[in-house]
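Q: Please take a close look at one helix and its surroundings. Keep it brisk, and give the cut-offs.

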Amino acid sequence: MTTYGAVLDALGDPTRRSVLELVAERPQPVGELAARLPVSRPAVSQHLRVLKDAGLVTDTAVGTQRVYRLDARGAAALRAYLDRFWDDSLAAYARAVEQDLAPEERP
Amino acid sequence: MSTDPIVRTLTVAAPPERAFEVFTAGMARWWNGEYHLGDKPFVDVVVEPRAGGRWYERDAEGAECTWGRVLAWEPPGRLVLAWQISADWTYDPELVTQIEVRFAGATGPDGAATTRVDFEHRGLDAYGEQAAEMRASLGSPGGWGGLLEAFADKAGG
């Protein structure tokens, strides 16, 4: 279950954001990611685990390696945001319907 | 893998004709003015009253920013809009999510006309597919991350 909080936590760490940005460029294995970052391979693995738990990346086995790519469920974070956005917007809409139109706004 | 649509149902104290009109012609009256695409706040939000019409905001100097387009225009019962605003709050012609709103007339307990409004924002997987754009917006304060932080502040406040 991807939660909004997990997504936010995952994005909160600058190194983790770098990992995510690299994965977003193209699917790649841990070793390749570690080679491009100033942190150890185990650290990259740890960041990938957090990103995976947050639903931002997903991994598939390719031969002996695990290749990481962006997870379409990353959309879950944006969905959480829009969920709240529409709650507020539709409440404002309902209030507008129930107010009298100003004379100049009458059709 | 698919992202659930955002679904809301509400009842408003007006007949469907008015509910439809306020949703479309009166959008600038209820849309939170903080959410604008242009450099300046909008003075109007226009939903052109026909299928294929544009959906855009206009600022005080007449500058327009497109939000999307009208996919179905069936007053007073149904409206479908293409929402083409990306995660970093800019118009993206490649991105298409759909907003469908249905307006059904009913009678309230006091006999007054009401409208049941069924709202759905779907096709949200399109955001997940925007890998390049997501990457671009992750680092910027006004981007996805910034949007999420602003949201978290609001949700927590």
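A: α4(A) is followed by G55(A), whose phi is positive, near 80°. This is a predicted model: local features need pLDDT of at least 70, side-chain atom pairs count only at pLDDT 80 or more, and totals for chains, interfaces and linings use all residues. Residues are numbered from 1 along each chain as its sequence is written, and chains are lettered from A and ligands numbered from 1 in the order in which they are written.

Helix α4 of chain A spans residues 41–53. Helices (H or I, at least four residues) and strands (E, at least two) are DSSP runs, numbered from the N terminus. α4(A) has 13 residues and reaches 18 Å from first C-alpha to last, close to the 18 Å expected at 1.5 Å a residue (1.5 Å times one less than the number of residues).

Its buried residues are V44(A), H47(A), L48(A) and L51(A). They cover an arc of only 100° around the axis, which puts them on the same side of α4(A). The arc is that of the directions from the helix axis to the C-beta atoms. The face turned away carries the exposed P42(A) and R49(A). Buried means 20 or more other C-beta atoms within 10 Å of a residue's own, exposed 12 or fewer, with C-beta atoms placed from the backbone.

Now the sheet. Six bridges join β2(A) to β3(A) (residues 65–70), and the two run antiparallel; pairing takes at least two DSSP bridges. α4(A) packs on the sheet, touching β2 and β3 of chain A. Contact means C-beta atoms, placed from the backbone, within 7 Å. The direction of α4(A) makes about 115° with that of β2(A). Axes are lines fitted to C-alpha atoms, for helices over the stretch in contact, and angles run from 0 to 180 degrees between N-to-C directions.

Definitions and conventions. Two residues are in contact if their C-beta atoms, placed from the backbone, lie within 7 Å.
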